[in-house]
Amino acid sequence: MTVAAGTARRKRASVETPKTQRPQAADLLAWYDRHRRALPWRAPPGTTPDPYRVWLSEIMLQQTTVKAVAPYFARFIARWPQVRALAASPLDDVLKLWAGLGYYARARNLHACARAVVERHNGEFPASEAALADLPGIGPYTAAAIAAIAFDAPAAAVDGNVERVVARLYALADALPAAKPRLRALTQALVPRARAGDFAQALMDLGATICTPKKPACALCPWSDACAARRRGDPETFPVKAPKAEGRQRRGAAFVVTRADGQLLMRSRPPKGLLGGMTEVPTSEWRHDFDDEEALAHAPTLARATPRWRRVGGTVRHVFTHFPLQLVVYVATVGTTTPAPSGMRWVALDTLAGEALPNLMRKVVAHALPEHALPEPRRGDVMAAPKQSSKQSSRRAT
Ligand code: SF4
């Protein structure tokens, strides 16, 4: 036997579970019936899920935890109980209610998707994975999750939790991300014809509560007997991951200008791209080679005022998906008659909470004007850049 053939045989062996020990959907569903999580967007047992709530929750849960999403979901449902109401609302209102949840391209796509559902599908979400994936902001994972949960379609919704469970079940030696197609196929093979929606949610719950990244509770797992990684004794080593390249640090300067009458100089970011459409104070470009010594060359020019800039001690640090960012912050106060430069506006400091301020800008304001600090949502320090322009990332946090 050649070396290559031997390697291939070992890899195959890792997913060839004896027939009697194959994971059975029925075992997982029985566990789900006893231990399902009560989530605000989840239909109670025996009731029909509302596709609008399923879709809204799945978009919010992309890269974001259940705990962080819950209050946002409640606010969105209270404000826009149906997709038609959301579609009829201005985008700016959606961005404002989304502020702090991160991954802001999702909010723009959410709004675009609501409008597409109304215009193309008469206000009813389509049931097929393909038609769902054709809507703005719905990638392959989200399409499968909505099809399964809302319409009971036998779709394999494979997020990070499910990848972990399935990689462990089969002790899959292939490393992520190359292993994704294999994991998807293995997951699809597990999906039952009946109760596909419950099965999808059961797998999510198993990954979130039992088969956790560290210290999985294998003794409580309904698939314990069938799990290859549990038998090997090293479930935490799965899924195997390829080493990740870190983004290069970028740096820049932020300029916090207040007027004597309690107004803050702000502007809106371009609608597309990182933090698209969100509100910010003026900043320099964020570059790898930014020179702090020349920061003031990037300060906004104000008519009828010569700001006396003061550098605030320390820096504001923030981590986007693709790169870490460090900003130096300058502050200045100008007179009440100072007009805002072109493309900028004055915003009353006591109305900041109503602005679409991303977490990075909340940090900048807190650093420069601690008395006007706004709370940051509990998402840690990590906020993402949109990875795809029209289709969102398919990852979902626990
Ligand atoms: S037995 Fe352990 S490692 Fe295997 S699927 Fe269950 S919780 Fe995960």
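1. A residue is called buried here if 20 or more other C-beta atoms lie within 10 Å of its own C-beta atom. The model under review is predicted, and the points below should be read accordingly.

2. Y170 lies in the loop that joins helix 10 to helix 11 (180-190). Is Y170 buried or exposed? It has 22 C-beta neighbours inside 10 Å and therefore counts as buried. Its C-alpha atom is 8.8 Å from that of L186, a residue 16 places away along the chain.

3. Leaving aside residues up to four places away in sequence, A155 touches E129, A144, A147, A148 and A196. The C-alpha atoms of A155 and F199 are 9.8 Å apart, although 44 residues separate the two in sequence.

4. Helix 9 (residues 140-151) also packs with helix 3 (residues 51-61), at an angle of about 145 degrees and with 10 Å between the axes. Their crossing is right-handed. On the side of helix 3, the contact is formed by P51, V54, W55, E58 and I59; helix 9 contributes T142, A145, I146, I149 and A150. Sorted by class, this contact comprises eight nonpolar residues, one polar and one charged.

5. Which residues come nearest to the ligand? Of the 14 residues around the ligand, these are C211, C218, C221, C227 and P235. Helix 10 (160-169) and helix 13 (228-232) each supply at least two residues of the shell. The largest share, three residues, comes from helix 10. In terms of class, the shell holds 11 nonpolar residues, one polar and two charged.

6. Helix 14 (residues 359-368) is mostly covered, with nine of its 10 residues buried. The buried residues are N359, L360, M361, R362, K363, V364, V365, H367 and A368. What do the buried residues of helix 14 pack against? Their partners are strand 1 (250-259), strand 3 (279-280), strand 4 (310-319) and strand 5 (324-334).

Notes: Residues numbered from 1 in each chain as written. Predicted model: local features only at pLDDT ≥ 70, side-chain atom pairs only at ≥ 80, totals over all residues. Near = placed C-beta within 6 Å. Helix = DSSP H or I, 4+ residues; strand = E, 2+ residues; numbered from the N terminus. Nonpolar A, V, L, I, M, F, W, Y, C, P; charged D, E, K, R; others polar. Axes fitted to C-alpha atoms, helices over the stretch in contact; angles between N-to-C directions. Left-handed = near helix turned anticlockwise from the far one by under 90°. Contact = placed C-beta atoms within 7 Å. Buried ≥ 20, exposed ≤ 12 C-beta atoms within 10 Å, placed from the backbone.
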